[in-house]
Structure formats: structure tokens, C-alpha cells
Amino acid sequence: MPSSPATGAIPVLTGSYTTDSGGDGPGIAALLLDPATGRLAYDDEVKPLPVSGASFLAAHPSLDVVYSTNETETGTVSAVARAGDGTLSPLGDPASSGGANPCHLTVHPSGEWLLTANYGSDIAPGTVAVHRLGTDGRLLEPTDLVVHQGSGPVTGRQEGSHAHQVLVDPAGRFVLATDLGADAVLTYRLDTVTGTLERAAVNPMRKGSGPRHLAFAPGGDLVFSADELSSTVTCHRYDATDGTLTALSSAPATTAKDVVNQPGGIVASPCGRFVWVTNRGADTIAAFRLAGTALEPLGEVPAGGNWPRGLALVDGHLLVANQHSGTLATLRVLQDGTLDMPHPPTSAPSVVCALAL
């Protein structure tokens, strides 16, 4: 393994598909990012944790605990404790995710609830589940499960609902869930006493767009969507008083021709001026500048591998998880929002996400 970066390195965990979930990755692995150079190296002191189908990771807001989806047909979620030396260990047993193929999760800012989006399958609908969390971060009982309904015009992808992401808005008032199959973003209120969800709004998206992931601008008044099926990026006005979205502008996710492209991860800059998105198919990361509410393309750079899926912004760098090539790339964000790659990508079999701690 390569040597560790300098002191002051940022711990990074990666999630990957394991042999029992269609990949050849280790589950959850620990790396270190040198923020001065963007160089990545595996943490030699921390053994990978064999978490099945670890396709998305989320950190507890106040405890050294991380949660992972276990993306399989039977669907579970896991809690992982991280010791002071970075050692990873299971925190209790995995719990049912409340649906098939859990693909995204988030911890409520209170630290008391875990929210999970279950993609579903050809026969199982998309669902959003809520679990109560213990004072030590372990998974307790499920408190709610909402079943999404709806479909779209894209044959083979939109015969039914497919929840793809669940996140809390910046004000902490609403929970938003994208549904790729139903072409909608659903808004919920979470009762923080009972852990139940009440639907507040249904936001229709363009037919056939397949909204996958959202990223909020820092002010919370704008939210950007990566539209998987239409290969677009859309800027929406977000009304924090009722949880509704209004589309304002849209742009192609890639300029690549003669390629079937599916945008994946999306990130907005802390300054609110730039947006970046992964392009699976074109195998690029596209950069956009926000001019008012219009998305202006700044160009694309190679993703450092094939099928870039997860995207994380860490201290002026974008971490790109290239699933099919098994590489984790670091892209440096320049002042004008464009990107470059200062170092060769790091080998990371079947990697699909990265989480900086």
C-alpha cells in the first residue's frame, strides 16, 4: 500500500459493492486525503470492514458513527462505530431497510433518526424508511415506512416508483425524497417525537427526466437535480415555507455525442457559484457556473475511470468514485470552478461512494 499523506490528512471512507452484491470490493475501506496536495492513500492502520453492498455512507452529526446501505434485494442498513484510532467495527446488527435495494440514506440533524431511500425492484415499489437511533448511534426500531407510487414514460426504468435519495433541507424543516421512476420529488414533514413522515408536497419533474440526486445551494433557496434519464442538470427554486420546487433552468449534463449518458452524483460549491455532476457513460465530471438562475457549462474533464457514480466535495477537491474501473480519483477545484487532476487515481475495487470525516 502507498504511504500515508502528511499529518493533518482528512479521513475518508469508501463504500463498495462486495462479492455477495455483484462486485469485488471490500465493503467499507479507510483512506487519508492530504488537503494540500489532493493525494490519497490507504490508511494502513485501519482494516476494511466487510459490509455487504455498501453503496452509500452517511455520518452521524455528533457521534463517531457511520451508516451504510446494504444494497441487496432483501435490503438492510448497518451502523458502524469508528474508534479514536480510526478502527471500524459493527455497531449492533444490520436492520431491515424496509424495502429492496436501499441506495441512499441520511441522518436527521438531531441525530435521532436515520432516513433511508429504497430503490425497489421490477416488482417492489420505492420506499422511504425511518429508524430511531440510540444515544450511542445504534439502530433501534423502525418508526415509519412510506411507499411511493407512480410511473413514467421510459420503458424499462419507469414502470414503477424508485426512491433514489432522501435528504433534509438546509432549514431542517422538510425531508425531500427523489423518485426516479415517478418523475417526482416528494416532500415530507418528520415528526421528531414519533419518527413518522407526513406528506407535505409532491413536486412533479419533467416527464422522463428521472430525478436521481439533489444538491442544495448554500442559501437554501435553490436546489439542483441530476436527472438520470434525460441526462440533464436542472436548477429549481426551493420554497422553504412549504417544501415546493419550481424548475427555473436546465442544461445538458454532457456535450458527448453518440453515448448513452446517465448523470449520477451532484455537488454545489460552498460559495453557491458552481455545480458539478458525474456523467456515467461519458465518463466525465461536468462543471457549471450559476449565472443568476441559469446553468452555464464550464466544460468537462475525464473522471479518472469508468462509470463515475459518487461525488464528494472535500476541502477544495472532488472525490470521484469510478465504479466499473474501480478507481477513486481526486479532482482539484480551481478558482473559476473548472477542474484538474493533480495525481493518478487510486485503485478502489467496485467503489461507489466516498465520505470525508
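Me: Quick one: is Asp64 buried, partly exposed or exposed?
Reply: Asp64 is partly exposed, at 37% relative accessible area; buried means under 20%, exposed over 50%, and partly exposed in between (1.4 Å probe, protein chains only). Bear in mind that this is a predicted model, where local features need pLDDT of at least 70, side-chain atom pairs count only at pLDDT 80 or more, and totals for chains, interfaces and linings use all residues. Residues are numbered from 1 along each chain as its sequence is written, and side-chain values use heavy atoms, with hydrogens and water left out.

Me: Nice. Which residue does Asp64 meet in a salt bridge?
Reply: That's Arg82, at 3.5 Å from N to O. A salt bridge here is a side-chain nitrogen of Lys or Arg within 4 Å of a carboxyl oxygen of Asp or Glu. The pair links distant parts of the chain, 18 residues apart: Asp64 sits in the loop between strands S4 (57–59) and S5 (65–70), and Arg82 in strand S6 (residues 76–82). Strands are DSSP runs (E, at least two residues), numbered from the N terminus.

Me: How many salt bridges does the structure hold?
Reply: There are 11. One of them joins Arg138 to Asp136, with the closest N and O atoms 2.8 Å apart.

Me: And how accessible are those two, Arg138 and Asp136?
Reply: Both count as partly exposed: Arg138 at 32% and Asp136 at 33%.

Me: Changing topic, what's the mean pLDDT?
Reply: The mean is 96, and 98% of residues reach 70 or more; pLDDT is the predictor's confidence in each residue, from 0 to 100.

Me: Where does pLDDT stay under 50?
Reply: Over residues 1–5.

Notes:
Contact = heavy atoms within 4.5 Å. Helix = DSSP H or I, 4+ residues; strand = E, 2+ residues; numbered from the N terminus.
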